[in-house]
Amino acid sequence: MNTENLQNQAAGSLPSSVDVVVVGAGIVGLAHAALAADRGQSVLVIDRDHRAVGASIRNFGHCCITAQTGDLYELAITGRKHWLDFSERAGFWATESGAVVVARTATELRVLHELAEHREPGQVVLLSAAETSARLGRAAAAEGPDATTSPVVVGGAWLRDDLRVDPRTTVASLADWLDSRPDTSVRWNASALGFGAGTERTALVRTSRGEVEADHVFVCVGHDVDLLFPELAAGHKIERCSLQMAAAAGPEGLDLQPAVLTATSMLRYGAFVEMPSAAELLAEVRAQDPALVDIGANVMFTQRPDGTLLLGDSHAYQKTADPFLAESTTALLLDRIQGVLGVESLDITERWQGIYASSEVGPLLVAGVAPGVTAVSVTAGIGMTVSFGLAARNVSTLL
């Protein structure tokens, strides 16, 4: 960068010219910024908010790698090494804890056996009922034919390659680390207003804090792509998927390392859905627990480093998300999670609405919208999972 740009950064304003501009400081945008910077590019990240408050902090912090399939699986596996690399370099918490899928019926267990047979040895490790319960911290007394407090666990599987991060701290830590690098800056409270052709660089970004020219611009604004590029969003059939989630104090002594998934999780992720018994599982869940199907449930949970449990979630699809949360949905999810854990009650400490981009067209949107300007959005609930893999592909291809 030239002297003028360095002085602008020191004053908190925007540089007038950089190699790469990233619009959006969620995990997808920051992944593009980090990998572009690693290629020796000067990078500016701008975000309209004063800190990250979107989908990247409202999720489980689960990189659901093993349950992906096809191209998404390749992106997830590619991104895994970058997650671990930047965790070490930027200093945010990450753990190779994997995930546990709990089976409580013979059909659920059969799907897990089928997945294990389709994957390389060791990636999907089948667990006995006792091993699954132990990983959940469930008391042995809760299992067996005399169990009365919750349904019996009949087995499970451990998904070796899944990762976990803390969603409340990861994005802020990565943004701070990027901003500390000499040729990378992150500027908050700076909105992208429009795009055009530059005079010295390929593209121009008009922002609420002035104009910036760049050789390439990545617009990573998640579900808000329709606010900047309505025709592109309409063509990709972008909707907002809204979720109901909650946090609870972890039961005393609970140290839950892996993410925990259930039958409803198997109905949502491609690797499970492709198994021969998946259709039978869907019919079983519809018959045995139709209320979960009605709310589009993914009954799962993770535990943050401070012991808090992140609980969820439901799914509803609209162009504009209804802001109101149904208490009956939270109560239903809470009841089912208590059953998985084998506890009588959990004390809710927070409730919130998550929102991410969704599309029936496909899970990824990568489109050139102007010379040197690319819109990037993960249009499915796997932004954390594929963020670094998608960024690696885009940076390698477009820079």
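Helix α3, residues 70-90, packs against helix α14, residues 383-398, at an angle of about 90°, and their axes lie 6 Å apart. Helices here are DSSP runs of H or I with at least four residues, strands are E runs of at least two, and both are numbered from the N terminus. Axes are lines fitted to C-alpha atoms, for helices over the stretch in contact, with angles from 0 to 180 degrees between N-to-C directions. The pair is therefore roughly perpendicular, the word for 65 to 115 degrees.

Contact means heavy atoms within 4.5 Å. Among the residues making this contact are Leu72, His82 and Trp83 of α3 and Met384, Phe388 and Arg393 of α14. By class, the contact has ten nonpolar, six polar and two charged residues.

This is a predicted model; local features need pLDDT of at least 70, side-chain atom pairs count only at pLDDT 80 or more, and totals for chains, interfaces and linings use all residues. Residues are numbered from 1 along each chain as its sequence is written, and side-chain values use heavy atoms, leaving out hydrogens and water.

Now the chain. How many helices and strands does the protein chain have? The count is 14 helices and 20 strands. Its radius of gyration, taken over C-alpha atoms, is 22 Å, close to the 21 Å from the globule rule for 399 residues, so the chain is as compact as a globular protein of that length. That rule is 2.2 Å times the number of residues to the power 0.38. Along the principal axes, the C-alpha atoms fill a box of roughly 75 × 40 × 40 Å.

Note on methods: Angles under 35 degrees count as roughly parallel, over 145 as roughly antiparallel, 65 to 115 as roughly perpendicular and the rest as oblique. Ala, Val, Leu, Ile, Met, Phe, Trp, Tyr, Cys and Pro count as nonpolar, Asp, Glu, Lys and Arg as charged, and the others, Gly among them, as polar.
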